[in-house]
Amino acid sequence: MATYLSLNRYLRDIFGERIQKVPLDAGLSCPNRDGTKGIGGCIYCGETGSGTGAHATGQAIREQMRKGQVWAARRYKAKKFIAYFQSYSNTYAPMAVLERIYRQALTGPEVVGMAIGTRPDCIDRDVLKLIERIGKGHMIWMEYGLQSACDATLKRINRGHSVQDFIDAVDLTRQFGFPVCAHVIFGLPGEDTSQMKQTIELLADLRIDGIKFHQLYVETGTRLHTLYSLGKYKPISLEQYAELVAWSVSRLPRNTVIHRLTGDPRRSRLAAPGWSLKKQDILNAICERIEA
Ligand code: SF4
């Protein structure tokens, strides 16, 4: 048996049943793409900003929630849900827009919580107050992309924020009592094992509430794809990735909730590494190492 606290188990312990996250695309942008922080975004960012692309097809948040709930009820027999704002930076919009989309997401007694993915430099006291007000009575998770605890790496991948921005965001969010899930990427250009471990050391020191692990994969059409095509970027191997995730799980506090063990690229957009599509093989490789 793997010895880590998965998101499923954590939610089941609290709610007594399966809770399914419904991914949402609010069609917001990102300050790292529109020129406020940078242009073009992170070098690996694809056209949908790691999201579903549902907004571009004209689906409002309520419609996306309804469809997601129907799908999850069929697939997992789930009856309760967490609205998950996944695409782009989901706190980067005027307050009135944020209020509208969060309210739409939290409609109905079957929606027990909300998870909001955003950049650590896109959060402030006013937005957190809004989330506190709208989210009353619901479980709230704030998800911040750290990716690496090395500022030189963040610069190299054009993140447009610093490690300190992440630490400040965690501090501020904790003042509101919301748990924070950190997003981390292994295999970033120029990083060796010790730098990747340094990221986990920081999160362990912060006693981070939750974490999502991703391998860096190359999406077609991104700047990373250009580097890869020129032979200037070599993806991480499955073995190294599995070793690092297993080590990280052992290093983090036992009550850190593991939201994700691997990224999920779209087959049609993936250039490399091919093993990214073999989700079960990746999970097996990680779990074998965790149990060893
Ligand atoms: S912060 Fe997220 S949405 Fe913005 S450019 Fe980077 S990966 Fe894309």
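**Reading a predicted fold, one feature at a time**

Biologist: Which residues does A182 touch, not counting residues up to four places away in sequence?

Modeller: Contact means heavy atoms within 4.5 Å. With those sequence neighbours left out, A182 touches Y144, F166, L203, I208, G210, I211 and K212. Before we go on, please remember that this is a predicted model: local features need pLDDT of at least 70, side-chain atom pairs count only at pLDDT 80 or more, and totals for chains, interfaces and linings use all residues. Residues are numbered from 1 along each chain as its sequence is written, and side-chain values use heavy atoms, leaving out hydrogens and water.

Biologist: How far apart are A182 and G210 in sequence and in space?

Modeller: They are 28 residues apart in sequence and 6.2 Å apart in space, C-alpha to C-alpha. Now compare that with another pair: L7 and L206 are 199 residues apart along the chain, and their C-alpha atoms are separated by 19 Å.

Biologist: Is A182 buried or exposed?

Modeller: We call a residue buried under 20% relative accessible area, exposed over 50%, and partly exposed in between, using a 1.4 Å probe and protein chains only. A182 counts as buried because its relative accessibility is 0%.

Biologist: In which strand is A182 found?

Modeller: Strands (E, at least two residues) and helices (H or I, at least four) are DSSP runs, numbered from the N terminus. A182 lies in strand β6, residues 180-186. H214 sits in strand β7, residues 210-215, and is buried too, because its relative accessible area is 18%. Setting aside neighbours within four places, H214 is in contact with H183, V184, I185, F186, Y241, R260 and G263. For a helix, look at L7 in α1, residues 7-15.

Biologist: In what order do the strands form the open sheet?

Modeller: Two strands pair if DSSP finds at least two bridges between them. Here 8 strands form an open sheet with parallel pairing, in the order β1-β9-β7-β6-β5-β4-β3-β2. β1 (5-6) and β2 stand at the edges with a single partner strand each, so one side of each has no neighbour in the sheet.

Biologist: How many bridges join β2 to β3?

Modeller: There are 6, between strand β2 (residues 19-24) and β3, which run parallel. L24 has F85 of β3 as its bridge partner, and F85 stands opposite I116 in β4. β3 and β4 (residues 111-118) also pair in the parallel sense, over 5 bridges. Strand β3 (residues 80-85) is mostly covered, with 5 of its 6 residues buried.

Biologist: Which residues surround the ligand?

Modeller: For this shell, a residue is near a molecule if one of its heavy atoms lies within 4 Å of it. The ligand is surrounded by C30, R33, G41, C42, Y44, C45, Y88, R119 and R159.

Biologist: How do the residues of that shell divide into nonpolar, polar and charged?

Modeller: Ala, Val, Leu, Ile, Met, Phe, Trp, Tyr, Cys and Pro count as nonpolar, Asp, Glu, Lys and Arg as charged, and the others, Gly among them, as polar. The shell around the ligand holds 5 nonpolar, 1 polar and 3 charged residues.
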